Amino acid sequence: MFEDDITKQLLNIGVYRCIDILEVLSSLGVFSSCLRYLEAVPWTEEEEEKLRSLFKRFKFDDSTTRDILGRLYLHDSVDSPQILSRQLVWSVTTSVEVNARNELKSLVRGLLYKSSVYEKEHLDISKEDLYVVCQSCLDSLVSISEEATETTSHEKLVKKDTGKPLIERISRQVDNINWLLEIMLDLQIAEDFVNMWADQQELLKMYENTSPMVRYELSRVSAIVFVAMGTRKLQCRSESRLKLLQAWFGPMLLDFGWLQRCRKGLDMKALEEAMGQALLTLPLKQQYKLFMEWFCCFSQHSTECPNLSRAFQIWWRRSFLRGSETCAIESR
């Protein structure tokens with residue numbers, strides 16, 4: 001009779017107060033109604049943490065307890081968190097439904113990012129796993145881009161076996177690569193991607209013979225890398241920075257106008273600033289050729305080219321206005 005009265009009251013007081021009552025009743029040996037109620041209703045995160053604390057301090061000899069603990073702790077998991085995370089990443093990159101893919105990208109990146117903040121020693125996905133997925137996306141991008149160079153008109157940019165336009169498929173792989181790069185930046189493991197992107201010789205060879213639409217998609221990847229380097233989110237060796245800039249700085253100059261017209265989330269002012277800052281991380285002699293390449297491009301194309309005037313002025317001042325100081329340092 002006493003427990004029946006308690007059951008009626010529990011419907012009105014909620015989970016949080018029920019946990020308090022359970023703590024009191026545990027000393028009296030009367031707690032079954034509270035346990036059944038807690039097992040049957042949803043919990044907030046605050047209520048969940050309170051339950052965890054309670055079950056660490058008290059033991060309840062009741063069959064319902066097993067069900068509650070089953071909601072609090074994952075016992076006998078089939079897959080480890082790392083295996084599960086790898087499966088989630090693969091699933092996202094192979095998804096063809098745009099809205100679902102975008103939603104899942106945000107979800108999975110958030111989960112991995114939280115892991116990197118609170119459990120840096122136990123990442124939910126390894127660096128090797130991320131780079132394996134990334135390499136797969138790059139291989140697909142090369143394969144699809146090869147198809148694009150073999151077509152002669154926009155109408156033919158369709159693969160017969162999938163019915164999907166080549167540009168759409170290229171864009172999807174670029175989105176995947178940029179998403180993986182953002183995860184790598186979150187986890188501070190993106191330095192190897194600089195060499196990986198700089199070594200895309202097949203894409204660079206196809207670049208000159210493909211359509212502006214395809215070139216634009218490739219430059220979207222370079223844009224993310226330049227922004228990360230110029231804003232100090234991505235640090236790598238000088239040799240890697242030089243190799244990347246030698247490979248993709250020229251294409252970026254040519255495609256900047258396209259990026260302005262179809263930004264897809266890019267902050268063009270931030271990109272301009274980051275490109276200049278990335279150049280300034282090189283030795284002055286290496287900066288010279290790249291800055292002169294920009295100067296010639298800007299003089300001919302103006303707003304279709306990034307405005308690196310501020311960075312150019314810094315390079316000029318460091319190279320010539322303080323030349324005597326530089327020579328003195330080099331002589332020593």
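Reply: Of the 332 residues of the protein chain, 44% count as buried. This is a predicted model.

Me: What does the secondary structure come to?

Reply: The protein chain has 16 helices and zero strands.

Me: OK, confidence next. What does the pLDDT average?

Reply: The average for the protein chain is 84, and 83% of the residues score at least 70.

Me: Where is it lowest and where is it highest?

Reply: Helix α16 (residues 323-331) is lowest, at a mean of 51, and helix α9 (residues 191-198) is highest, at 97. There is also a stretch with pLDDT below 50 at residues 116-122, which has five contacts in the model beyond near neighbours in sequence. Residues 152-157 are below 50 as well, and that stretch has nine such contacts.

Me: Now the core. Which residues touch the most other members of the largest nonpolar core?

Reply: F193 and W197 do, in a core of 77 residues. Helix α8 (residues 166-187) gives the most to this core, with 12 residues.

Me: What is W197 in contact with, leaving aside its neighbours within four places?

Reply: L138, L141, L203, L218, V221, S222, L244 and W248. Apart from that core lies another one, of 16 residues, which includes V15, C18, V41 and F55.

Me: Switching to aromatics. How many aromatic pairs are there?

Reply: A search of the whole structure finds 14. In one of them, W294 and F312 have ring centres 5.7 Å apart and planes at 45°, so the pair is tilted.

Me: Where do W294 and F312 lie?

Reply: W294 is in helix α14 (residues 284-301) and F312 is in helix α15 (residues 309-321), so this pair ties together parts that are 18 residues apart in sequence.

Me: Are those two buried or exposed?

Reply: W294 and F312 are both buried. Another pair is W316 and F320, with centres 4.7 Å apart and planes at 55°, so this one is tilted too.

Me: How far apart are W316 and F320 in the helix?

Reply: Four residues, about one turn of helix α15, where both lie. An α-helix has 3.6 residues a turn, so residues three or four places apart point the same way.

Me: What is the accessibility of W316?

Reply: W316 is at 42% relative accessibility and counts as partly exposed. F320 is partly exposed too, at 46%.

Me: Which residues do the ring pairs link into a cluster?

Reply: Y288, F291, W294, F295, F298, F312, W315, W316 and F320.

Me: Last one. Which ring does R71 lie over, and how far from its centre?

Reply: R71 lies over the face of W43, at 3.7 Å from the ring centre. R215 lies over the face of Y207, with 5.4 Å to the ring centre.

Conventions: Residues are numbered from 1 along each chain as its sequence is written. This is a predicted model: local features need pLDDT of at least 70, side-chain atom pairs count only at pLDDT 80 or more; totals for chains, interfaces and linings use all residues. Side-chain values use heavy atoms; hydrogens and water are left out. Rings of Phe, Tyr and Trp (its six-membered ring) pair if their centres lie within 6.5 Å; planes under 30 degrees apart count as stacked, over 60 as edge-to-face and the rest as tilted. Helices (H or I, at least four residues) and strands (E, at least two) are DSSP runs, numbered from the N terminus. Buried means under 20% relative accessible area, exposed over 50%, partly exposed in between (1.4 Å probe, protein chains only). A charge sits over a ring if NZ of Lys or CZ of Arg is within 6 Å of the ring centre and within 35 degrees of the ring normal. A nonpolar core is a set of buried Ala, Val, Leu, Ile, Met, Phe, Trp, Tyr and Cys residues joined through side-chain atoms within 4.5 Å. Contact means heavy atoms within 4.5 Å. pLDDT is the predictor's confidence in each residue, from 0 to 100.
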